[in-house]
Amino acid sequence: MEKTKINIEYLRLKSLFSSVDETKTELVDSLIQQAAFMKVELGILQNQIRIHGAVQVSSKGAQRQTEAAKYYTKLVNSYGTVIKHSTQ
């Protein structure tokens with residue numbers, strides 16, 4: 001299922017480069033693939049955060065960010081970087 005979503009996102013992102021010189025598009029193709037993967041992963045993580053929350057509370061009342069929230073934060077930053085480099 002994710003493979004299909006990744007492929008759909010890849011094709012969507014690739015279409016954004018349809019007016020760009022084909023040589024340049026080939027150079028950023030791997031970045032487009034990475035961005036498609038990250039976009040799908042971000043959607044999965046968002047769903048997990050919606051269901052389980054972004055913060056865990058221990059029995060002693062201590063709060064900490066869930067693993068999904070930590071990974072989401074890192075991945076969204078990486079996604080932004082990849083998109084930025086793809087468009088330069």
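## Basis

This is a predicted model, in which local features need pLDDT of at least 70, side-chain atom pairs count only at pLDDT 80 or more, and totals for chains, interfaces and linings use all residues. Residues are numbered from 1 along each chain as its sequence is written, and side-chain values use heavy atoms, without hydrogens or water.

## Helix α3

α3 has 24 residues. Helices here are DSSP runs (H or I, at least four residues), numbered from the N terminus. From first C-alpha to last, α3 reaches 35 Å, close to the 34 Å expected at 1.5 Å a residue; the expected span is 1.5 Å times one less than the number of residues. G53 follows α3, with a positive phi near 90°.

Buried residues of α3 include I32, A35, M38, L42 and I49 (buried: under 20% relative accessible area, 1.4 Å probe, protein chains only). The buried residues of α3 pack against α1, α2 (22-27) and α4.

## Nonpolar core

The largest nonpolar core has 16 residues. Such a core is a set of buried Ala, Val, Leu, Ile, Met, Phe, Trp, Tyr and Cys residues joined through side-chain atoms within 4.5 Å. α1 (2-15), α3 (29-52) and α4 (67-86) each give two or more residues to this core. α3 gives the largest share, seven residues.

M38 is among the residues with the most contacts inside the core. Leaving aside neighbours within four places in sequence, M38 is in contact (heavy atoms within 4.5 Å) with L75, S78, Y79 and V82.

Technical notes: Buried < 20%, exposed > 50% of the residue type's maximum accessible area, 1.4 Å probe, protein only.
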